[in-house]
Amino acid sequence: MTDRYAVVGNPVAHSKSPLIHAEFARQTGQDLSYTALLAPLDGFARTVQEFRQAGGKGLNVTVPFKQEAWRLATRLTERAQLAQAVNTLKFEDGGILGDNTDGAGLVRDITSNLGFAIRGKKILLMGAGGAARGVILPLLKQYPALFAIANRTPDKAHELAQLFLPHGDISSGEYGSLAGCHFDLVINATSSSLSGELPPLPGGVFSPGSLAYDMMYGKGLTPFLQFAQTHGAAQLADGLGMLVEQAAESFFLWRGVRPDTAPVREMLKTL
Ligand code: ATR
C-alpha cells in the first residue's frame, strides 16, 4: 500500500511541499503520496489524529501550528526541543516523534549548495522569533568564531542568548549596537520582508567576501538582499534552497533515503 504523507497548515494551498516531495519520491523510487492538509485553526490535533488513523505515516507542519506540533509530539529530537517548534512529525508505534529540520536545511544550503564554510566565521542572525530560534542550534554546531543575534525588541534576543548558552556563546542586542561590527554571514530570520520592510541594520556590517542570506524567498531580491547588495555583501541567497533542504531532511527522517536536491531547486526556480 502507498504510504501517506502531507503538509498541514492554515493556509496551506500555496505550499510547495507536495511538489517537492512528489519529485523526491519519483527520483528515489519511493512509493508514497504527499498532499496538502488544511486544518481548522482550532483543530490541529484532531486533524493530525484523523490523518494518522487513516494510515498516515508522517506530516510536515507549517504556519501557524509549529508550536502546537511541538506540544503534541511524545518524543522530540534535541534540535526540536530547543527550537520549541516542530516542522516534521513521524508516526511511530506508540508515539509521535517531533523534529525540526529547518536549521539543518539552512546549514546544508549554506555549506553544501553555496559552498560557504561556517566554521570560524562571524555570524549575525537578525530576528528572535520562531524562525530564528529554529536555526540557532544547527548553526552553533558548525563552530562559528562569533555568533550575534540582533532584534528590534532586544530583550527577546537576550532571552535566546541565555537559552542557548550551554551550546555556545551568543552576543545579543538591538540593531544600533551593531555599528562598527563586521560579519561574514548575515542571516535574515525576521518576518520584515512580508511587509516589504527592512530591520534598521547599519550598512557597514558586511565584511568583504560576506554572504547575505534571507530565509524568505520570492520573485526577485527581497528588501534585505537589495540592501546587502548595495552595502558590499559578496554573495546573496534567498530561502528557496533552505526550503528544499529542510524537505530533504524530513524525507530522510521518514524514508531513510537522501534525495538529490539540485534538480528540485532548479525546477522551483523556473516556476
Ligand atoms: P516568525 O515565526 O516568522 O519568526 P515571529 O515569531 O512573529 O515570526 O517573529 C518575527 C520576527 O521578525 C521578530 O524577531 C520581529 O522582531 P520583534 O521581536 O522586535 O517583533 C521581527 N520583525 C518583524 N517585522 C520587523 C521589522 N519591520 N523590522 C525588524 N524586525 C521585524
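1. The model under review is predicted. Its features should be read with that in mind.

2. The ligand is surrounded by 14 residues. The closest of them are Asn151, Arg152, Thr153, Lys156 and Glu197. Sorted by class, this shell consists of eight polar, three nonpolar and three charged residues.

3. For Thr153, a polar side-chain atom is 2.5 Å from a ligand oxygen. An N or O atom in the side chain of Asn151 lies 2.7 Å from an oxygen atom of the ligand. Lys156 likewise has a side-chain N or O atom 2.7 Å from a ligand oxygen. On its own, the ligand would expose 650 Å², and the protein buries 73% of that area.

4. Helix H8 spans residues 223-230, and its buried residues are Phe224, Leu225, Phe227 and Ala228. These residues lie on the same side of H8 because they cover an arc of only 155° around the axis.

5. What do the buried residues of H8 pack against? Their partners are four strands: E7 (122-126), E10 (183-188), E11 (206-214) and E12 (235-237).

6. To return to the opening question, the residue that follows H8 is Gly232. The phi of Gly232 is positive, near 95°.

Note on methods: Residues are numbered from 1 along each chain as its sequence is written. This is a predicted model: local features need pLDDT of at least 70, side-chain atom pairs count only at pLDDT 80 or more; totals for chains, interfaces and linings use all residues. Side-chain values use heavy atoms; hydrogens and water are left out. A residue is near a molecule or strand if one of its heavy atoms lies within 4 Å of it. A polar contact is a pair of N or O atoms within 3.5 Å; within protein, one must be able to donate a hydrogen and the other to accept it, and residues adjacent in sequence count only if both atoms are side-chain atoms. Accessible areas come from the Shrake-Rupley method with a 1.4 Å probe; for residues, only the protein chains shown count as cover. Ala, Val, Leu, Ile, Met, Phe, Trp, Tyr, Cys and Pro count as nonpolar, Asp, Glu, Lys and Arg as charged, and the others, Gly among them, as polar. Buried means under 20% relative accessible area, exposed over 50%, partly exposed in between (1.4 Å probe, protein chains only). Helices (H or I, at least four residues) and strands (E, at least two) are DSSP runs, numbered from the N terminus. The arc is that of the directions from the helix axis to the C-beta atoms. Contact means heavy atoms within 4.5 Å.
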